[in-house]
Amino acid sequence: GEYRFRFSFFDLKCDTSDTLNTTAQIKARTFSEPFRVYSAKQFPGMIESTPLSKHFAKQGVKIPVRKESNKNQDADEDDWNN
């Protein structure tokens, strides 16, 4: 399905010594862009790694990066490096 995150920002400072009766006011609220969640059977597959993530991986950052796929390889046999 499609979902959105709701972010609420509160002022949590306490001006009194009675912390049990303190209330927090919402200062701002916003929503994320919609995103889709797939079931395992409906998952369309991974997208190609971005040039930025490939550059980070070359510098030693431990993130999964999709290798360049050969045209002879099946989509299920994609390689990953960390």
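Predicted model: local features only at pLDDT ≥ 70, side-chain atom pairs only at ≥ 80, totals over all residues.
1. Helices (H or I, at least four residues) and strands (E, at least two) are DSSP runs, numbered from the N terminus. Along the sequence they follow the pattern β-β-β-β-α-β-β.

2. Residues are numbered from 1 along each chain as its sequence is written, and side-chain values use heavy atoms, without hydrogens and water. Local features need pLDDT of at least 70, side-chain atom pairs count only at pLDDT 80 or more, and totals for chains, interfaces and linings use all residues.

3. Of the 82 residues, 7% count as buried. Buried means under 20% relative accessible area, exposed over 50%, partly exposed in between (1.4 Å probe, protein chains only).

4. Next, the aromatic rings. Rings of Phe, Tyr and Trp (its six-membered ring) pair if their centres lie within 6.5 Å; planes under 30 degrees apart count as stacked, over 60 as edge-to-face and the rest as tilted. The count comes to four aromatic pairs. One of them is Tyr3 with Phe35, tilted, at 6.4 Å centre to centre and 35° between the planes. This pair links distant parts of the chain: Tyr3 sits in strand β1 and Phe35 in strand β4 (residues 35-36), 32 residues apart. Tyr3 is partly exposed at 45% relative accessible area; Phe35 is partly exposed at 29%.

5. Phe5 and Phe7 also form a tilted pair, 6.2 Å centre to centre with 50° between the planes. Phe5 lies in the loop between β1 (2-3) and β2 (6-11). Phe7 is partly exposed, with a relative accessible area of 40%. Ring pairs link Tyr3, Phe5, Phe7 and Phe35 into a cluster.
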